[in-house]
Amino acid sequence: MRAIYIDSKKKTAEVIDTPDNLQNYRRLLDCSMIDFVTLGNGHDVIIDDEGVFGAESFFCVNNSVLMAGNGLIVGIYEDRCVDCTLNLEDLQIRYFDRSEALAELQYRESIDNHSTTIE
């Protein structure tokens, strides 16, 4: 299965060919529990469900939510993982260390609060 592997510690992303199974996802993400974050357009990011505990590196894709640790972008069709059809070059992947992630979260919160105040 075609996927995009994001290594937030190394600040790299690459297209990989990987088996579609839970054990493989756990191995790639070095975790025991996974979760899915929806990107939209039939794609999700598979992440470590407990990654935020003690994480030192974070990322977001196309200004999505901040995610801890590493991620794997896959296509989703009828609740099954399928080939990712996104082009790596078309994605905006931003990487953060812990202090940068905290600053980003505070910035996003201030924008949300400002938007609420204006309405």
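**Loop residues and overall fold of the predicted chain**

Asp79 is located in the loop between β7 (71–77) and β8 (80–82), strands being DSSP runs of E of at least two residues and helices runs of H or I of at least four, numbered from the N terminus. The model is predicted, with local features requiring pLDDT of at least 70 and side-chain atom pairs counting only at pLDDT 80 or more, while totals for chains, interfaces and linings use all residues. Residues are numbered from 1 along each chain as its sequence is written, and side-chain values use heavy atoms, without hydrogens and water.

Asp79 has a phi near 65°, a positive value in a residue other than glycine. With a relative accessibility of 79%, Asp79 counts as exposed (buried, under 20% relative accessible area; exposed, over 50%; partly exposed, in between; 1.4 Å probe, protein chains only). Asn63, in the loop between β5 (57–61) and β6 (67–68), likewise is a non-glycine residue with positive phi, near 60°. The relative accessible area of Asn63 is 45%, which places Asn63 in the partly exposed class.

The protein chain comprises two helices and nine strands, arranged along the sequence as β-β-α-β-β-β-β-β-β-β-α. Its radius of gyration is 15 Å, close to the 14 Å given by the globule rule for 119 residues, so the chain is as compact as a globular protein of that length; the radius is taken over C-alpha atoms, and the rule is 2.2 Å times the number of residues to the power 0.38. Of the 119 residues, 40% count as buried.
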